[in-house]
Amino acid sequence: MTAMFGEPIARLEDDRLLRGNGAYLDDLGHDALAAAFVRSPHAHARVLGVDVADALDVDGLVAIYTYEDLPGRIAEPLPLLIPHPALTHGRTGYPLASDEVNYVGEPVVMVIARDRYLAEDAAERIMVDYEPLPAVVGVDAALAAEHLVHPDVPGNVAGHLVQSNGDAAAAIAAAPRTLELHLYIERSASTPLEGRGVLARWDTESRRLRIWTSTQTSTGVRAAVAAKLELDLADVDVITPDVGGGFGVKIVHPWPEEVLVPWAARLLRQPVKFTEDRIEHFVASAHERGQRHQVRVGFDDDGRLLGLDVRFWHDNGAYIPYGLIVPIITSTQLLGPYKPGAYRVEFSSLYTNTVIVTPYRGAGRPQGVFVMERTMDAIAAALGLDRTVVRERNFIQPDEMPYDQGLIFQDGRPLIYDSGDYPAVLARLKALAGWDGFEAERAAAAEQGRRLGIGLACYVEGTGVGPYEGAHVVVETSGKVKVATGLTTQGQGHQTVFAQIVADELGVPIGDIEVVTGDTRAFGYAVGTFASRAAVMSGSAVALAARAARAKAIRVAAAALEASPDDLEITGGIVQIKGDPESGIAIGTVAVLSNPLRYAFDEAAQAATQFAGGDIGKPPVADGDEPGIEGREYFSPLRSTFASGMHAVVVETDPLTAEIRIVRYCVVHDCGRLINPRIVEGQIHGGVAQGVGGALYERMAYDETGQLQNASFMDFLMPYVSEVPAGIEIDHLETPSPLNPLGIKGAGEAGVIPGAAVFAAAIEDAEGIAITSMPISPSDLFELRLSRRGDRAV
Amino acid sequence: MASASEQGGITQSSPGLFDISLIVNGAPQAVRVPARRLLSDCLRHDLRLTGTHVGCEHGVCGACTVLVDGVSVRSCLMLAVTADGARITTVEGLTEPDGTLSAVQQAFADCHGLQCGFCTPGFLTTITAGLAENPDPSPDQAREIIGGNLCRCTGYQNIVQAVLRAAELRREAGLKREAGLTREAGLTPEAGP
Amino acid sequence: MLASTGPDGKVLAGGQSLVPLLNMRLATPEHIVDINRLTELAYVSVADGQVMIGALARHAQVLADPVVAAAQPLIAQALRLVAHPVIRNRGTTVGSIVHADPSGEMTAVLALLGGTVLLASTGGERSVSAEDFFLGPLESDVRPDELATQVSLPVLGARAGCAFAEVSRRNGDYAVCGVAAMVELDGGGGISRARAAYLSVAGTPLIADLTEACGAGAGADLAAAGRLAMARVSPGSDIHATAAYRRHLAGVLTERALAGALAHAKGRSDG
């Protein structure tokens, strides 16, 4: 049988989705009442009162709830999910605003009605009396702290962290050359095509709660909602239906709506559903990326780093439920594939009166890579060296692995790179992108009046963070194999890749395998899908569970065949003496044998009733044994595993209109062993497109009063096909991770990480203007050209 | 708000409610809807054809695209009452009569043209209409066909491949059908007894 | 019907502009008058030197019409830039003109060509010329009891050519700046008349006469026309572009559109 691991097979989940038979959140609960929310129109205001009188005669209205109606723990602030000693002033919002609102879009009143149209009719008629307060918008205003977001948080500083390795200040002072850079990245957002949504049913007879939610962590939601509603965990099921994309925003939990909707369903004894609309998703979910950075770097005449000092200010929005994860990742991952010499990093995370910030694919790494790669380019420019040469001179070498960067990573563990071969990745990228031949290409284009530039950017990405994931594999008597893991799926093809792993480990046809993710009924212990961890964590757990099931099947079959387990193999779903198909027993039959039954309800069971045979001197189920062919295993690695990659892009800038066109985009990527190359490439494609969006199109345009001016797909410019490269050239390097049984590293986020850095480099190369702020639009580029003295075009 | 179309035979059954009839994926459907009911909501919630998805409700993302009398339109920008009497094809109606995937659907599976699958129904309907108009698109024309649909997962690379692959599958199927017809007609030597 | 609904009535044709506003609850009309069954208004025709577009003709229908394309090529040049094909399948050309979006391609076409809009009410019909039709951003001279039934656009003259040039953020988006240009040639291949209409640089479509700037004779000074355009426009800044960038684009795109129109005119004269 051909190995499935490594094969670019078509996805098992597609047939259903292609027929329109997917079941996303709003496709469920047709009998449910609809929830709609009155949200704050002010970025910062005191809530003086709520008048619902005009809404009461709306046909179909069921209930209206304000903060005053919330009981017990529901009236308390939402949990601060990831505390950290440096997060000294963590603040979270209430499910419904109590006496103050801190961003446009914050929920103030919940309306329940027969359908969404009617709920919105009622919401429109509810009058909330606000006393507007000065709004703090943007990093600079937060830092100036002329006004405070939270009166009890001095300087708007939620947290402040310093890490260092060596004496960076001294190293920079002693360095032959130094540079200082100021670098800025604006906000963008995950923006899945499906917004958030939650449906809840309270079963009045069994007194149990069932929740369906469009989440990246069903176990997280379960624990949080059980705590808020003061229910036993065992009385709450959380099911993740098909999820229309996540990219980070759906890892936050519980959202206000995830607490309020189940609460209302229990109170009203009727199912209730909330489906977020697009505008709500812009103003009431989460954004990311807004950071201002200051870099001081010392280096020698060959471009070798001697000391690096980075300070940055992170805009975390109105509240900080997800803690300092994003800036911690920036502060550690900006080092990329380099040895920085002495390093010091310091950041402050600042409150603003804007939507909260949580990880968005890449999660702080795009900013970090932007900072480091802009610095590398600046060093190359200062020394007149090729940009790849400067990078090569600072790379960690393969023989230096594992490499300890001397810092603490986001998971609280040492930042130790497990494996990687950065010089090899760069060599491949140079070949793929035609780096060495580019000057000739540029000159040829220039003769036709065309302006080209090339850029590259390198990154290292900690993936597969702990603490753990688990999996359960069970062989049914039909021979079907049921696999369950607790983390959730948002389109990454988990059903397919986990089935590929099980097919090889267990030796069964892939068509006999069914995978369930994100359903607490099927697997109750899990963390969630984020940080490119699903394949590493659940993939490894699935492999271990399949191995356990295999060992059990071999043992049971060996007894039946009176053979040594060492002489058996499983292939094509048949357990047999190696190389002797005649000897085979179907694995389903082995499952029958493993389960001595009393009742013969079908033929398979008949064969297995305890009266059918066996040694009468022994108990039917031996001491320490269990019935069934099953495996349940957990994978909990020592540390994260570090994927890496490098991107190059060639852009053409229009000398007159300043429009920026992508000529070609090249990716070399190392995520260890590939389970399914086609799926990995799909992840890279999607990441690159988001990188293009973040670099050239997408930004959150807040005005100074905290109104988001582009809260629609008309004005938030997510790329269409016309904005992404017509082709993305990809090459893979596979350096296996030593930290997990499959040698894999995460691949989900990689594509987006170098986006801002690589485009800034290419545009700078084309224009000869320093690019220090991203994203960049044609209008921005035009203004940069204007402000440059002696400009050649304008 | 009230709609007024007296010529189309829509009857107002009770204040604000209208009885309309649609032919959806070949099956006649009678629905009673408020005037403001969007066609997308009517399909999803009244007829429970939830394959049509709503991604923005302002006509930009294309997830809700359906075929109305064979023409691709945004069902979130059309009132259900306006569609009275129309033939509507949703993603659920794209499969062949025998239940196999259509060329466009099969091409998406072959080319890994979908990830989360949320935008996919809108792409499938849009491409189905696009290929009916231009059965042999160049790569640039393939991009033009899908130019008004947003996808956040795939970066469009494999969707463009799927458009080209679907065109290929349609041609192959057309050739096979032709060959089949010729054989049935007994016009080829191999078809003789 | 419109006579009875009063000022709170809204006409629904293609719905590609109105329904998003309804969905976002930015417009809350008391009454919607759906004209989609007035199929007799779904016509495009050419007669007496005019292209006539009925109120229910969809962009796609107008764009695909070979007679229209031959009679007034600017219409198809503009319509290809209107949103995306699926929107054009439903959106109506007359509706987009009545919507009076200063970023709309067809509003510029009506203004540049000096077309007319036919308005009907229970009181009768009246015809409004382009220069009087646009009152301000999203505001046209249609009274609450009136329905715009037809737009008429003059066909392109024998020695004339036209072109459309625009820059938008994404393909299909509203233009950051757009220019529709038309030139007429004299017998010697020089420009006898050059005019352009500008999108997204004023509250209503702006028309500039560039004839003098282009200069007489065969060697037209398109750069001078571009400079004149930059002086004439008074754009604003928004989240997508600064005023200075828009002004700059007005100059660049004037040159491009005029060059395109000139080539077009020469091609037609030669052919």
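How many residues of chain A are in contact with how many residues of chain B? In this predicted model, 53 residues of chain A are in contact (heavy atoms within 4.5 Å) with 51 residues of chain B. Residues are numbered from 1 along each chain as its sequence is written, and chains are lettered from A in the order in which they are written. Local features need pLDDT of at least 70, side-chain atom pairs count only at pLDDT 80 or more, and totals for chains, interfaces and linings use all residues; side-chain values use heavy atoms, with hydrogens and water left out.

Between them, chains A and B bury about 4,300 Å², of which 57% lies on carbon and sulfur atoms; buried area is the accessible area (1.4 Å probe) that two parts lose on being put together, summed over both. Four salt bridges are found across this interface, a salt bridge being a side-chain nitrogen of Lys or Arg within 4 Å of a carboxyl oxygen of Asp or Glu. One of them joins the side chains of Asp27(A) and Arg44(B), at 2.8 Å from N to O.

A nonpolar core is a set of buried (under 20% relative accessible area, 1.4 Å probe, protein chains only) Ala, Val, Leu, Ile, Met, Phe, Trp, Tyr and Cys residues joined through side-chain atoms within 4.5 Å. The largest such core holds 140 residues, among which Tyr417(A), Phe759(A) and Tyr198(C) touch the most other members. Leaving aside residues up to four places away in sequence, Phe759(A) touches residues including Val649(A), Ile662(A), Tyr665(A) and Met774(A). A second, separate core of 71 residues includes Tyr103(A) and Tyr702(A).

Conventions
Buried < 20%, exposed > 50% of the residue type's maximum accessible area, 1.4 Å probe, protein only.
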